[in-house]
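Work through these exercises with the model open beside you. Try each task before you read its solution.

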Amino acid sequence: MTTIDTLAYKIIADTQGFTRGLMATRQEIAAAKELLRESVNSWDLYQAKLQAVEQLQAKGLLSSEQYAAAMNRLNAQSPEAVQRQQELAEMARRLAAAESEAAAVVARHRTEREKYTEAVQRLAALKAGGQFSGESGQRTYTAELERLKGLLPEVQAKQMAQAAAEREAADIVARHRTERERYDAALQRLVGMKSAGLFSGEAGQRAYLAELERLRGTLPEVQAQQQAAAAAADKHAAALHRAKQLTADAETPFSRYRSAVHELSQLKSQGALTAAEYSKALRGVRAELASNLPLLGGMAKLLVSQGWMQAGIVATAAVAAYRHVSAQVSVQSAEVERLAKSSKLLGLDVNTLQVWERFGSRAGASVDTVGEKIGKFVEKLGGMRAGGKDLDAAIGALGLDKKRLANASVDDALRMVAERFAGITNAADRAYLAEQLFGRGGDAMLPALTAGAAGLDEMRSKLAALGLTLTVDQVESVQRAKRAWSEMRHTLDGTWRTLAVQLAPTIEHTARTLSEEFARPENQAAMKQMAADLAEFGRAAIDVGVALGPVVAATGRMAGMSLQGWAAIGRLFTRGTLLEDSGEADRQAVQARIERERAEQRARARSAMTGQQLETYVGGRQTAAVADEVKSLNSELAKQAESLLRTTAAQRIAALAARGATSEQLREATAWEKLIASRRQANAAADKLRSKTEELASSHRQAIETFGLSAEAVKMYELRMAGATAETLRAIAAAKSHVQSLEAQKQLTEKTAEAGLQQWQTQRQAQLQAAGFRGPGGQTAAERAAEETAELRRQRDLMQLVARLRQEGSSEEDIRRQVAIRQQADAIDRQSQALTRRQRLLESGRQAEESVRSPEEAYAEQLRHIREMMDAGGMSVTAYVRLRKRAAEELARALPGGDRRRGVAAFGLDSAEGQDQIFEMRRAMAALRKQAQIDAQVAAEAHPKPALDSKPPVIQEPKPPVDQQSQAVPAPLTNADRQRMLDMDPLQQSAEMAGELATQTAYQSRMVAALERLERQETASVAN
Amino acid sequence: MAAVEIKDDGTVESALAALEVRLRGKALRAALSAAARVVVAAARQKCPRSRVTGTRRLWSRSTVASRSGTKDLADTITHALRDYGERQVAIVGPARPAGALGHLVEFSRRKFLWGRDSQATIDGRPFLRPAADETRGAQQAAFVAALRSDS
């Protein structure tokens, strides 16, 4: 706060004595002003504006033109002018409404024919105006004309009748169309759609083929062929099935076993075989029987085999070796997998991790502990990169560059730490720093840290020498192998599961057959022998004891891999024994039999499999990747085949394949199907060719037979060719002739009625003329007769309407309503006609009045009109003067030279008011002349003549007439002149006035020319 | 301390009468400021400046040291407004602290040397009183003009 105290001068304002003052707010004052402004009426406002303009004029702020324009605008805004304009606008609005209403009424009651006529006239006018130029325009015009013709009721009725007849004919044709024709029509539609591009893309192509196949299937002969093929395929499949059953019944292992036993018994009974030979041969037969049983075969062969001991030893060794190798491979694979995962998690090289783990193992730390400590170090390293300070103390103690350490990889960071650690000799410091770097328990990393970078490199070299280092490719290879092994196991699981499911019926059948066979008395001896063999196997098993245990265990595990392989091993042992014991001839026979049996077994297994199982069986013998690829390929091919080969036969073949039909059966059925398909294609091609030939011949025949015929005759011909019967054609022709006769009758009736009305109108007109008719408003007899005729027409139309409504079954109420509506419409029509006639009368009256108007009246009317336009501000002063001049010239031309008295009388100049008017006119002329002089002086001052040395702009302008140039400005009137004018004779005054008018007109012309010259000069100067 | 009260001849009242009652205080303060600014400008012109008159060379070192960094007396002349209800006052003069010796320049005083009255008199050099007297009409005009601009 400013402090002024030692020296001060005070200015004091004391408002105690102020008594006056506003108590209203500014808003209240503004509202009061607005209220005052609104309360001013238009007249006061007009007067205020007039006063303002007068004041401006008095002050010399407005020129005469501006004043005149302002006054004109004010006059236009005066209350009287505004009211007049409103009245005029209201009258114009009412007139426009009446006209639009009349037009609407007229348009509402126009007939279709009138609308058509009007539209055609409009179209013709457009064509005459050149709107339909060129070929396309001509086409458009013709099409529009046809469209308009189609709107006529009779044409529409004709078209509807024709369309109905065509529909009926088409229905009849469709009813009598054969299946082949339906097929052809549908095929044509389908081909049309395909050519139109509606079947685009692969899906469209499939849909098109499917629809084509479906259509083809609708043909009777194709259906018959398909049914025959299906029946033949079914019959063939049933025969095959039956033969298969019979063959299976006849060729079961047990039947073969029974026949062999029976044969051996006969040989033994005949003495051809000794007891030992019989027993040996019997064992061989049993082994053969057992070899055909999937699971029991291997065991049975071991029972009957003489070389089971050697096989067991070899198998045991193989299994032990396999176990060891597989275990080591599994362990190493798991180790590599672990290293790969750990190194990926830690962002570390696999070999570096191995090095650190080796050093960690020296300190008794597990690989997990080493991984955990390195992970801790990596975590702290990440924290340091994000700005953490956990490692600052340790980095400082080690003398490491923090930035370099942060930007280094984990491998390099560990190496840098190890390098620095090697230089620290104090054990306590080492332990402290290790804990700082690797967290609690970080001393486990001390061996690697103290070894330094050199120690790390040395350890890496050792590992490489031992073959423990791994490259990235090797790691990935191991991982891929592990994944492939896993996939293969899954595939094998699926295969075994499928086999178990599929073999279940066989096992069931075998078990039942065995039980039946074992129950037979003749087989009891064989069973006893088999029991003896089993006991013998049991004793041998006790002897081999411990050696057989691993064999069985390994066999169980291997069975998980390949039960089929184990059975094969069993068969090999068995057959080896048989081959050893038999002679060369027997050996070959047995070998051939084994091969045959193997082929039969494979065929049986395949026939028992579905397509998918067969695929799985084949795929199981290949690698998993190939199997997957084959599976996906087969699936894709199957889908394509399913989509493309949708014939019934193909479906049935696929179903038969799935149900276990053999390849020979399928081949035979497929061959049949292909033969049928090729025959079908040949038939289709022949049909197509035949149809095309028929179509071509038909078109040519039609062209020849319908040459020169009318369109209707051609249509009838087409109907006949489409299959319409003669009766149908006769009915169509009769209906058509009936319609034509009805139309002709109707036209004749209408024409007769119209002629009657015309005749009545003529008679009535003559009658009225004879009676000397004189209607209101100058109505003639012809007009009256036409009016009465129109009334008769209306009554006739009304009667026709009533008749039509009654014929259509309308109720009396509806008829009355329709009649009332029609009568109202007629009344409006009459009013419209009266209005039109009145307008015509008004127009003729105006023309008549125009023709008899005198030149003076025309001049006065023209002046009044010009004055109104000027008052309305619709023209400039220059235009006003020119129009006045033109009107005066027309008046001078219209008035003969010797008939000036008539002109004076026309102006009323011979009366007292006329004298006053002449005096006022002269005074106005003098004022105008004076003002023109002032304006000329002002213009001369504003545009002085250019100096001699300056170059004025070159302006080409027309030179004024010589007489106008030589004439001086008229002198103003004096009192003597005014007195002389008052003393003149009216005739002389008129002549004087005409002369003065001519002088003034010439002067005005000069002024106008001067003004235009000035404007041009200004324009040229602005342009320069 | 001089206090001059503006005498109204009806002009001020008429100008105030055109104002809304609630706005009178603000308008009065603006008008008083306008009148005071006239006096301030005149007084600053009339106030002696030591650098111009040469008296600064006669100052002792201690005086120079004590006055260094302070404004000239002329630059301290300003005005302040005070509101006393129906009375509004504009005070014009040198403001503290630099202007505290304004009265010693405006008026005459006794001359003291080394703590003793030398019986001599130093003449005053009035600047505020002449400025106020000479601009009385201008003050009135500025006051009324400011009031009218608000009305």
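## Exercise 1: A ring cluster

W356(A), F377(A) and F438(A) are linked into a cluster by ring pairs. This is a predicted model: local features need pLDDT of at least 70, side-chain atom pairs count only at pLDDT 80 or more, and totals for chains, interfaces and linings use all residues. Residues are numbered from 1 along each chain as its sequence is written, chains are lettered from A and ligands numbered from 1 in the order in which they are written, and side-chain values use heavy atoms, with hydrogens and water left out.

Task: Describe the aromatic pair of W356(A) and F438(A).

Solution.
- Start with the count. The whole structure, over all chains, holds 4 aromatic pairs. Rings of Phe, Tyr and Trp (its six-membered ring) pair if their centres lie within 6.5 Å; planes under 30 degrees apart count as stacked, over 60 as edge-to-face and the rest as tilted.
- Take the geometry of W356(A) and F438(A). Their centres are 6.3 Å apart, with 45° between the planes, and the pair is tilted.
- Locate the partners. W356(A) sits in helix α15 of chain A and F438(A) in helix α20 of chain A, 82 residues apart, so the pair links distant parts of the chain. Helices (H or I, at least four residues) and strands (E, at least two) are DSSP runs, numbered from the N terminus.
- Check burial. Buried means under 20% relative accessible area, exposed over 50%, partly exposed in between (1.4 Å probe, protein chains only). W356(A) counts as buried because its relative accessibility is 2%. F438(A) is buried because its value is 0%.

## Exercise 2: The core around the tryptophan

Task: Which residues have the most contacts inside the largest nonpolar core?

Solution.
- Define the core. It is a set of buried Ala, Val, Leu, Ile, Met, Phe, Trp, Tyr and Cys residues joined through side-chain atoms within 4.5 Å.
- Read off the residues. The largest nonpolar core has 46 residues, and W356(A), I374(A), F421(A), L437(A) and L449(A) have the most contacts inside it.
- Find the suppliers. Helices that each give at least two residues to this core include α14 (308-346), α15 (350-362) and α16 (367-385) of chain A. α19(A) gives the most, with 7 residues.
- Look around W356(A). Leaving aside neighbours within four places in sequence, its contacts (heavy atoms within 4.5 Å) include V370(A), I374(A), L414(A) and F438(A).

## Exercise 3: A helix and its packing

Task: What does α33(A) pack against?

Solution.
- Size the helix. α33 (residues 781-807) of chain A has 27 residues and reaches 39 Å from first C-alpha to last, close to the 39 Å expected at 1.5 Å a residue. The expected span is 1.5 Å times one less than the number of residues.
- Pick out buried residues. Among them are A781(A), E788(A), R794(A) and L805(A).
- Name the neighbours. The buried residues of α33(A) pack against α32 (726-770) and α34 (812-851) of chain A.
- Step past the end. Just after α33(A), G809(A) takes a positive phi of about 85°.

## Exercise 4: A hairpin in chain B

Task: How many bridges join β4 to β5 of chain B?

Solution.
- Recall the rule. Two strands pair if DSSP finds at least two bridges between them.
- Count. 5 bridges join β4 (residues 109-113) to β5 (residues 116-122) of chain B, and the strands run antiparallel.
- Trace one bridge. R109(B) has I122(B) as its partner in β5(B).
- Inspect the turn. The hairpin has 2 residues between the strands, and W114(B) takes a positive phi near 55°.
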